[in-house]
Amino acid sequence: MDMLSIRQQDARTLLIYHRWDVDHLFEVYVEKGKEFMFAQAGVSVDEYHDSDSPVSAVVMCEICIDDVPSDEATRMDCGHCFCNSCWTQHFLVKVNEGQSKRIRCMAHKCNSICDETVVITLLGRRHPDMAEKYERFLLESYIDDNKKVKWCPSTPHCGNAIRAEGDDLCEVECSCGEQFCFNCLSEAHSPCSCLMWELWQHEHQDEVESDNWIIIHTKPCPKCHKPVEKNGGCNWVGCICGQPFCWLCGGATGLQHTNYSIAGHDCGHYKEPEKTVDHEKRDLYRYKHYYNRYKAHKHSFKFESKLKGSIQEKIPIFEKKHSQRNKYQLGDYSWVNNGLSRLLRSRCILSYSYAFAFYMFGDDLFKEEMLEAEREIKQNLFEDQQQQLEANVERLAEILPEAFKSLQYGKVMKRRMQIITLSTVIDDLCKKMYECIENDLLESVNLGSIHIIAPYKSKGIERAS
C-alpha cells in the first residue's frame, strides 16, 4: 500500500494474483510498468469519476434491463454500473462456487476485480453469513495462495499455519508436534523426493486388502496387464483395451466363441509357465525386500519413541540419587536428549532410504538414465553407506536403554561417552549419505530437477516458533 500508494483492497488483489510473492510482484512492476501490472491483476488504475457528469435519478441495469433509482445501483472502479440486486446475486454465486478471492466485474470482457468493501457491504445486507464467508476466504488467501505459507496437515487439524523463511523445499515441525514436508504436505520423507514418496505410498497403500481382492476377483489382461473383473457370462472375456482372453487360463484369444468354447483355443492341458512369471516374481521379491526393511525401521521408531519417555523419567531419579557428585560431571543431560533425538531422526532417515533405493535402482524412474554397470556401482556405493549408518544406529539403540537401566553412576558415565561418540558418528554418516544422494546419485539423472530432496540438518527438523 505504501510503496505503490494504493488502497488495501487493491494491494490485496495484486498480492493474491501474484500468490503473495512480493519479489515477483515488484519484478513485474520494474520490467513491465505499473499500468501493465495493474491491468494484468484486474486492478483499475484510474478510478471512475463522474463528479462532472449530471447525476441521473434513475439508472438502467444492463443485466436485468430494469430502471432502478441511482441509490440502488453501484458503480465499480472500472466504470460499470449495475443494480445492487444483480451485484448481490453475482457475488452470492461466486462465493458459493469458491471463487470469491477474485470476483470479476459482470460486464462482458471486463477483467477488473470487484472492490471487496462493496462486496462485503452488499452481501451483508441480505446474506450476512455469505459476507463473513467471503471475508474469511480473503483472509485465508494469505495461506491458501502463498507458496511460502502452508496449513499444518495434522489430523484433527490444529488450526496452525507455518511460514517458511528461505527455501520452501524443507521439512518442518508444527508447534503441535506434526512433522511434514513443506513442499507436498506429506509426512517428512527425506531422503525420498516428493515424487518418489508419492509413488511409494501408492505402491503399498492398503496392500494386503487390495492384493487379496484383486487376486480373488480379477485376472490380468494379457495385453495391457490391467486387472479385469468377470461379472457373469461365459469364459470368453474382453478387456477395455480391446484384447479378448480366456478367463480360465488368462491366455489371449480371438473373437470367435460360443457359450461353451473359444475358437482355436484349448487350455485343458497343463503348460509350463512363461518366463514373464519369473520376472513378475522377481519384481515382487524386490519390492518385499525394500518394503520389509522400511517397515522394520518404522516399527523400531515407534518402540524407541516410547523409550524416550521412559529414559527421561529416570533422569530425575538418577539426579536425586547422585546429586552431590554428578553436579559438575554430567551437566544438563543434553547428551541424553541429543542421543535420543539422533536415534529417532536417523531411524526415519533409514526407513525412507529404502523407499529411495527402491526407485533409484529400479526400472520405474531411471532405467534409461543409467547403464547397468553404472547402476551397480552406484547401488553398491549407496548400500555401503546405508549399512554403516544402520550398524551404528542399532548400536546406539542398544546402548541408550542400558545407560539408566541400573541407575549406577559408573555405568552411566561409561555409556555417556559412548552415546556422545555414536551420536557424532551417526550425524556424520547421515551427512555423507545425503551428499552421496545429491551429488553422486541424483545429480547425473535428475533432469529438470524433479527429484530434489529436503536438506539434512544436524539439529533435526526445525520446529516452527
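How are α7 and α10 oriented to each other? The close-ups below take that up, along with a few other spots in this predicted model.

**Figure 1. The whole chain, before we zoom in.** This predicted model has a protein chain with 12 helices and 13 strands. Out of its 465 residues, 41% count as buried. Now take the contacts between residues with a separation of 6 or more: 56% of them join residues 24 or more positions apart.

**Figure 2. Helices α7 and α10 pack against each other.** Two packed helices are described by the angle between their axes and the distance between the axes. Here the angle is about 95 degrees, and the axes of α7 and α10 sit 10 Å apart. An angle from 65 to 115 degrees counts as roughly perpendicular, so α7 and α10 are roughly perpendicular to each other. On the α7 side, look for M196, W197, L199, W200 and E203; on the α10 side, they meet Y352, A355, F356, F358, Y359 and M360. Sort the residues of this contact by class and you get 10 nonpolar, no polar and one charged.

**Figure 3. Helices α2 and α3 cross at another angle.** Helix α2 covers residues 22-32 and helix α3 covers residues 34-41. Their axes come within 7 Å and cross at roughly 130 degrees, and α2 and α3 are therefore oblique to each other. The α2 residues here are L25, V28, Y29 and K32, and they meet K34, F36, M37 and Q40 from α3. By class, five residues in the contact of α2 with α3 are nonpolar, one is polar and two are charged.

**Figure 4. The largest nonpolar core.** In soluble globular proteins, nonpolar side chains tend to be buried together. The largest nonpolar core in this model holds 52 residues, and the members touching the most other members are W200, F356, M360 and L389. Which helices each supply at least two residues of this core? They are α7 (194-204), α9 (275-321), α10 (334-360), α11 (372-403) and α12 (409-445). The helix that gives the most is α10, with 15 residues. Another core lies apart from this one: it has 41 residues, among them F82, C105, M106 and A131.

**Figure 5. A closer look at M360.** Here's one of the core residues that touch the most other members. What does M360 touch, once we skip residues up to four places away in sequence? The list is M196, F366, M370, R375, L441, L442 and V445.

**Figure 6. S353, a buried residue in α10.** You'll find S353 in helix α10. Is S353 buried or exposed? Its relative accessibility is 0%, so S353 counts as buried. The side chain of S353 makes a polar contact with the side chain of Q386, at 2.8 Å. Besides Q386, S353 is in contact with P191, F382 and M433, leaving aside neighbours within four places in sequence.

**Figure 7. E178, in a loop between two strands.** Find β7 (171-173) and β8 (179-181), and you'll see E178 in the loop between them. The relative accessibility of E178 is 31%, so this residue counts as partly exposed. E178 and P153 are 25 residues apart in sequence, while their C-alpha atoms are 7.8 Å apart in space. Not counting residues up to four places away in sequence, E178 touches C152, S154, V172 and E173.

Terms used. Residues numbered from 1 in each chain as written. Predicted model: local features only at pLDDT ≥ 70, side-chain atom pairs only at ≥ 80, totals over all residues. Heavy atoms only, no water. Axes fitted to C-alpha atoms, helices over the stretch in contact; angles between N-to-C directions. Helix = DSSP H or I, 4+ residues; strand = E, 2+ residues; numbered from the N terminus. Parallel < 35°, antiparallel > 145°, perpendicular 65-115°, else oblique. Contact = heavy atoms within 4.5 Å. Nonpolar A, V, L, I, M, F, W, Y, C, P; charged D, E, K, R; others polar. Core = buried A, V, L, I, M, F, W, Y, C linked by side-chain atoms within 4.5 Å. Buried < 20%, exposed > 50% of the residue type's maximum accessible area, 1.4 Å probe, protein only. Polar contact = N/O pair within 3.5 Å; in protein donor to acceptor, adjacent residues only side chain to side chain.
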